[in-house]
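The sequence and the model are shown first.

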Amino acid sequence: MARPGPKPKPTTLRVLEGDHHKSRYNLDEPRPGDILSTDDIPERVARQPEALGMWQFLAPRLVSMGIVGDVDRFALEALCVTYAMWALRPSAQMTTKLQSLLAEFGLTPSSRSRLIASLPKHEAADPIASRLASL
């Protein structure tokens with residue numbers, strides 16, 4: 001049974017937003033172990049020029065920010081393919097779906113405006129552990 005209310009924020013986003021209440025952190029949250037390989041482009045993305053362009057633009061940036069790992073590959077693939085579909089045939093339904101996926105990665109002005117810190121490159125491998133250690 002699902003919990004009522006808004007879905008919880010990932011701990012990485014809580015840390016980036018500057019939420020210093022350790023009690024709000026889910027320290028048992030699964031963390032992606034490996035960094036996403038931006039060179040290993042999914043086949044569905046590679047077949048669509050718009051999706052490929054979005055992957056090549058977003059993947060390196062999201063990896064450097066410590067937001068995505070290898071397990072997020074499919075969500076990023078969905079974002080890129082949805083963008084390609086929206087670029088070819090924009091509709092209200094496709095716009096809503098695209099906005100939702102963009103917000104999941106913190107890629108809209110409103111979702112990004114809540115972030116108050118960025119991760120230095122040396123913290124990208126495990127941003128939560130590095131931030132928690134400094135609290």
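## Helix packing and burial

Ala51 has a relative accessible area of 0% and is therefore buried. The model under discussion is a predicted one. Ala51 belongs to helix α3. Apart from residues up to four places away in sequence, Ala51 touches Val45, Cys80, Val81 and Ala84.

**Overall architecture**

The chain contains 7 helices and 0 strands. Read from the N terminus, the order of elements is α-α-α-α-α-α-α. Of its 135 residues, 35% count as buried. Considering contacts between residues at least 6 apart in sequence, 57% join residues at least 24 apart.

**The pairing of α3 with α4**

Helix α3 covers residues 49-64 and helix α4 covers residues 73-88; their axes come within 8 Å and cross at roughly 140°. Because of this angle, α3 is oblique to α4. The crossing of the two helices is right-handed. On the α3 side, the residues that take part are Glu50, Ala51, Met54, Trp55, Leu58, Ala59 and Leu62. Their counterparts in α4 are Arg73, Leu76, Glu77, Leu79, Cys80, Val81, Tyr83, Ala84, Ala87 and Leu88. Sorted by class, this contact comprises 14 nonpolar, no polar and 3 charged residues.

| Pair | Separation in sequence | C-alpha distance |
|---|---|---|
| Pro49 and Ala84 | 35 residues | 7.8 Å |
| Gly53 and Cys80 | 27 residues | 8.4 Å |

The α3 members of these pairs can also be described by their accessibility. Pro49 is found in helix α3, and its relative accessibility of 63% means that Pro49 counts as exposed. Gly53 is likewise located in α3; at 36% relative accessibility, Gly53 counts as partly exposed. Ala51, by contrast, is buried at 0%.

Leaving aside neighbours within four places in sequence, the contacts of Glu77 are Pro42, Arg44, Val45 and Trp55. Of these, Trp55 is among the α3 residues that meet α4.

**The pairing of α4 with α5**

The axes of α4 and α5 come within 10 Å and cross at roughly 150°. An angle over 145 degrees counts as roughly antiparallel, so α4 is described as roughly antiparallel to α5. This crossing is left-handed. From α4, the contact draws on Ala78, Leu79, Thr82, Tyr83, Met85 and Trp86. From α5, the residues involved are Met94, Thr95, Lys97, Leu98, Leu101 and Leu102. By class, the contact has 9 nonpolar, 2 polar and 1 charged residues.

In soluble globular proteins, nonpolar side chains tend to be buried together. In this model, the largest nonpolar core has 19 residues, and those with the most contacts inside it are Leu36, Trp55, Leu76, Leu79 and Cys80. The elements that supply two or more residues to this core are α3, α4 and α5. Helix α3 gives the most, with 7 residues.

Neighbours within four places in sequence aside, Leu36 is in contact with Trp55, Ala59, Val63, Val68, Gly69, Asp70, Arg73 and Leu76. Two of these partners, Trp55 and Leu76, are themselves listed with Leu36 for having the most contacts inside the core.

**A buried loop residue**

Thr108 is situated in the loop between α5 (92-104) and α6 (109-113). The relative accessibility of Thr108 is 14%, and Thr108 therefore counts as buried. Not counting residues up to four places away in sequence, Thr108 touches Gln99, Leu102 and Ala103.

Definitions and conventions:
Residues numbered from 1 in each chain as written. Predicted model: local features only at pLDDT ≥ 70, side-chain atom pairs only at ≥ 80, totals over all residues. Heavy atoms only, no water. Axes fitted to C-alpha atoms, helices over the stretch in contact; angles between N-to-C directions. Helix = DSSP H or I, 4+ residues; strand = E, 2+ residues; numbered from the N terminus. Parallel < 35°, antiparallel > 145°, perpendicular 65-115°, else oblique. Left-handed = near helix turned anticlockwise from the far one by under 90°. Contact = heavy atoms within 4.5 Å. Nonpolar A, V, L, I, M, F, W, Y, C, P; charged D, E, K, R; others polar. Buried < 20%, exposed > 50% of the residue type's maximum accessible area, 1.4 Å probe, protein only. Core = buried A, V, L, I, M, F, W, Y, C linked by side-chain atoms within 4.5 Å.
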